[in-house]
Amino acid sequence: MAARSQYEELARQLSAIGAVKREMGRLLPQDCPPASAGVLTLLDRHGEMRMSQLAELLAIDMSVTSRHVAHVADRGWIAREPDPADKRSRLLRLTPSGKELLTELSERYAQSLARYLDDWSDADVGHLVELLARLRTSFGDCRTRAHHDSTTRTPAG
């Protein structure tokens, strides 16, 4: 197990990742905030889904999800179609223009990372990818864990 000082430094480094995320966010078009890119990415990764599933994947309230969905739908990046299984519900799916935007964003991100990490070896980049994937796996589904922790905590603890 790592020393406490290593965990403290890791916490500082993870906190500083916010600056990297903000810089990457500057690559997004003016009308595509990070939350919109997140909606598009999840629809691309998981396919069509109901808004409730999207809200769960985003780990945000339905009202906030609804605003994000309206934003991307107004730009034609997603379609909202009646759910054949439940006509009261809508299925969200990525449109061709949404897929185009994601392709463009992926290219921008890759170019930017290549520029910022141009002095890194391929092995270093690969190692970072492996370690970040391992970190995400170690944390698992944080939404489930946070809910479980909040329901099992005692008032004193």
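Ser89 sits in strand E3. Helices here are DSSP runs of H or I of at least four residues, strands are runs of E of at least two, and both are numbered from the N terminus. The model is a predicted one: local features need pLDDT of at least 70, side-chain atom pairs count only at pLDDT 80 or more, and totals for chains, interfaces and linings use all residues. Residue numbers start from 1 along each chain as its sequence is written, and side-chain values use heavy atoms, without hydrogens and water.

**Around Ser89**

Is Ser89 buried or exposed? Ser89 is buried because its relative accessible area is 17%. Buried means under 20% relative accessible area, exposed means over 50%, and partly exposed lies in between (1.4 Å probe, protein chains only). Not counting residues up to four places away in sequence, Ser89 touches Arg50, Glu81, Pro82 and Asp83. Contact means heavy atoms within 4.5 Å. Arg50 is 39 residues from Ser89 along the chain, yet their C-alpha atoms are separated by 7.2 Å.

**The sheet**

Strand E3 belongs to an open sheet of 3 strands, in the order E1-E3-E2, with antiparallel pairing. Two strands pair if DSSP finds at least two bridges between them. E1 (49–50) and E2 are the edge strands, and each pairs on one side only. Strand E2 (residues 78–83) is joined to strand E3 (residues 86–94) by 6 bridges. These two strands form a hairpin with 2 residues between them. Across the pair, Asp83 stands opposite Asp86, and Pro82 stands opposite Arg90.

Helix H4 lies across E2 and E3 and runs at about 115° to E2.

Two packed helices are described by the angle between their axes and the distance between the axes. Axes are lines fitted to C-alpha atoms, for helices over the stretch in contact, and angles run from 0 to 180 degrees between N-to-C directions.

| Helix pair | Angle | Axis distance |
|---|---|---|
| H2 (residues 34–46) and H4 (residues 62–74) | about 80° | 9 Å apart |
| H3 (residues 51–58) and H4 | roughly 105° | within 9 Å |

How does H2 lie against H4? The angle of about 80° makes H2 roughly perpendicular to H4. Angles under 35 degrees count as roughly parallel, over 145 as roughly antiparallel, 65 to 115 as roughly perpendicular and the rest as oblique. H2 contributes Ala35, Ser36, Val39 and Leu40 to the contact, and H4 contributes His68, His71 and Val72. These contact residues are 4 nonpolar, 3 polar and no charged. Ala, Val, Leu, Ile, Met, Phe, Trp, Tyr, Cys and Pro count as nonpolar, Asp, Glu, Lys and Arg as charged, and the others, Gly among them, as polar.

H3 and H4 cross at roughly 105°, which makes H3 roughly perpendicular to H4. From H3, the contact uses Met51, Ser52, Leu54, Ala55 and Leu58; these meet Met62, Thr65, Ser66 and Val69 in H4. The H3 contact with H4 has 6 nonpolar, 3 polar and no charged residues.

**Helix H6 and the whole chain**

Helix H6 (residues 122–139) has 18 residues and reaches 26 Å from its first C-alpha to its last, close to the 26 Å expected at 1.5 Å a residue. The expected span is 1.5 Å times one less than the number of residues. Gly140 follows H6, with a positive phi near 60°.

The protein chain has 7 helices and 3 strands. Along the sequence, the pattern is α-α-β-α-α-β-β-α-α-α. Of its 157 residues, 22% count as buried. Among contacts with a separation of 6 or more, 48% are between residues 24 or more positions apart.
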